[in-house]
Amino acid sequence: MALAPLPLILSDSILKKVPIGVIYPTDGALLPPSATAIMKDAPHPNAARLFENFLLGQEIAEYFAKDYRYPLRAGVPLAEGMRPLDSYKTKSIATAEGIKKLPEVQEKFRDTFGI
């Protein structure tokens, strides 16, 4: 069992030639949010927009896919062994709700793993 982002585990496994299996929970895998934004008073808003466009572009989508991450663009093939997001149930949680539940989750984690 591993508690780390799937991309890190899969890429490390391939580099070290150590086979692993990925199990997708039938009740839903957590889909953590990730955001990109341009601050209202950014000192260089045009540069920020260019960088944001780069992050959403084809080159980064292909990089993500090769690095066992889900690309942000449709039509980019996934890395070997990855399942499309629409092939399994996913769960998400509102940020405010996640923050509220954090102490409970931390306690369960510590109890489960003896940390």
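**Reading a predicted chain**

User: Does threonine 95 count as buried or exposed?
Analyst: Threonine 95 has 55% relative accessibility. Buried means under 20% relative accessible area, exposed over 50%, and partly exposed in between, using a 1.4 Å probe and protein chains only. At 55%, threonine 95 therefore counts as exposed.

User: What kind of model is this?
Analyst: Residues are numbered from 1 along each chain as its sequence is written, and side-chain values use heavy atoms, with hydrogens and water left out. Local features need pLDDT of at least 70, side-chain atom pairs count only at pLDDT 80 or more, and totals for chains, interfaces and linings use all residues: this is a predicted model.

User: What pattern does the chain follow along the sequence?
Analyst: Helices (H or I, at least four residues) and strands (E, at least two) are DSSP runs, numbered from the N terminus. The chain has four helices and two strands. Read in sequence order, the pattern is α-β-α-α-β-α.

User: Where does helix H4 have a kink?
Analyst: H4 covers residues 95–113, and threonine 95 lies in this helix. A bend is the angle between axes fitted to the seven residues ending at a residue and the seven starting there. The kink is about 50° and comes shortly before proline 103, at leucine 102.

User: Which residue follows H4, and what is its phi?
Analyst: The residue after H4 is glycine 114. Its phi is positive, near 65°.

User: How many Å separate the C-alpha atoms of threonine 95 and proline 32?
Analyst: Along the chain, threonine 95 and proline 32 are 63 residues apart.

User: What is the phi of lysine 17?
Analyst: Most residues other than glycine have a negative phi. Lysine 17 sits in the loop between helix H1 (6–15) and strand S1 (29–30). It counts as exposed because its relative accessibility is 73%. Its phi is positive although it is not a glycine: about 55°.

User: Does tyrosine 68 count as buried or exposed?
Analyst: Tyrosine 68 is in the loop between H3 and S2. It is not a glycine, yet its phi is positive, near 60°. Because its relative accessibility is 11%, tyrosine 68 counts as buried.

User: Which residues does aspartate 67 touch, leaving out those up to four places away in sequence?
Analyst: Aspartate 67 lies in the loop between helix H3 (58–66) and strand S2 (90–91). With 19% relative accessibility, it counts as buried. Contact means heavy atoms within 4.5 Å. On that basis aspartate 67 touches Pro7 and Ser11.

User: How far apart in space are alanine 74 and isoleucine 38?
Analyst: Alanine 74 is placed in the loop between H3 and S2. Its 80% relative accessibility is why it counts as exposed. Alanine 74 and isoleucine 38 are 36 residues apart in sequence; C-alpha to C-alpha, the distance is 23 Å.

User: What is the radius of gyration of the chain?
Analyst: This radius is taken over C-alpha atoms, and the globule rule is 2.2 Å times the number of residues to the power 0.38. A compact globule of 115 residues would come near 13 Å. The C-alpha trace spans about 50 × 40 × 25 Å along its principal axes. The chain has a radius of gyration of 17 Å.

User: What percentage of the residues count as buried?
Analyst: Among contacts between residues at least 6 apart in sequence, 39% join residues at least 24 apart. Of the 115 residues, the buried share is 17%.
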